[in-house]
Amino acid sequence: MVVSDADSPTTSDAGQAENPGEATKPLRAPPSRVWATVRALLRARVTAGLLLVLPIWITYLLVRFVFELMRDTSLWAVDWYLRHWGDAFVKAWGVSAEVFAEKGRAGLPSGIQWAIAIFSVLLTIFFLYLLGVLTANFLGRRLVHVAEGLLERVPFVKTVYRATKQILGTFAGEPGQDFQRVALAPFPTKETRSIGFITGMTKDTHTGEELCVVFVPATPNPTSGFVLVIKRADVIELDWTVEEAIRVVISCGVLVPATIPLAKSSQLNAPDNSVGRSKAVSGIPSPSTGASRTKG
């Protein structure tokens, strides 16, 4: 039997015969732009909501932690007083002595429990005030010195106590810290600037040139760092407060201001260059910001 070319199936016909479903299979539709827009809008709105809620929630947790800490510091004294000499108060609140002895503060009305908590916080503040008055006189300072001497002899406790005292002293702005002014110091190279605190002034023994003693804190722990002695002409003073500078250091530069006066290297090498000081009004530095002034 002879088969002609017209009767023989072509390659395309054979392929269609083998896979008949592929010929009728619809093409995949491109992703919908509407759905992509909806997802982007949803993500943006959720992010905006988180940025609004998270700071409020974190602030609430912090305030609650401080409130509960100060309340629990004196709550034991209030509870002890009510159990021994507070029968008249308990009866006035409509609670029998048996119920209070069994349940304690949980058996009191909710309003009375809140009043006791607030009173405990005020009592803690009063105790702290008394401690402050005690440490202000000679006898109190002597007692504190003796107690610190005992803590310094305990290997692990002295490290924790010393670090905690330095951190709290930094945030409280103790006079002993003596952070006079905030400045930019050429550290670790002359082309870069580090945020530091001018802690003192001195002079060169040979030339009599004025020098600045600058403490450059480490990040994110500002209680450690480097003490540098730099020429006053190489230091750029800022009009930041100590709290603002510490906030920048602890945040690793996330909370840095919009503008910073940064002198050029050529200006730093000028012999008569004086200290440039930041003068910002409404976030816009003045024309004299970071510029060098020559002596007349």
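Here's a quick briefing on some strands and helices in this structure. It's a predicted model, so local features need pLDDT of at least 70 and side-chain atom pairs count only at pLDDT 80 or more, while totals for chains, interfaces and linings use all residues. Residues are numbered from 1 along each chain as its sequence is written, and side-chain values use heavy atoms, leaving out hydrogens and water. Helices (H or I, at least four residues) and strands (E, at least two) are DSSP runs, numbered from the N terminus.

**Strands**
- E1 (residues 181-185) pairs with E2 (residues 194-203) in the antiparallel sense over 5 bridges; strands pair if DSSP finds at least two bridges between them.
- Across from Ile-195 in E2 you'll find Leu-184.
- E2 also runs antiparallel to E3 (residues 210-217), with 6 bridges joining them.
- Gly-200 has Val-213 in E3 as its bridge partner.
- The hairpin of E2 and E3 has 6 residues between the strands, and Gly-208 there takes a positive phi near 75°.

**Helices H3 and H6**
- H3 (residues 33-85) and H6 (residues 110-136) pack at an angle of about 105°, with axes 7 Å apart; axes are lines fitted to C-alpha atoms over the stretch in contact, and angles run from 0 to 180 degrees between N-to-C directions.
- That makes H3 roughly perpendicular to H6 (65 to 115 degrees).

**Helix H9**
- In H9 (residues 242-250), Ala-245, Ile-246, Val-248 and Val-249 are buried (under 20% relative accessible area, 1.4 Å probe, protein chains only).
- Looking down the axis of H9, these buried residues fall within an arc of 155°, so they line one face of the helix; the arc is that of the directions from the helix axis to the C-beta atoms.
- After H9 comes Cys-252, with a positive phi near 60°.

How values were computed:
Parallel < 35°, antiparallel > 145°, perpendicular 65-115°, else oblique. Buried < 20%, exposed > 50% of the residue type's maximum accessible area, 1.4 Å probe, protein only.
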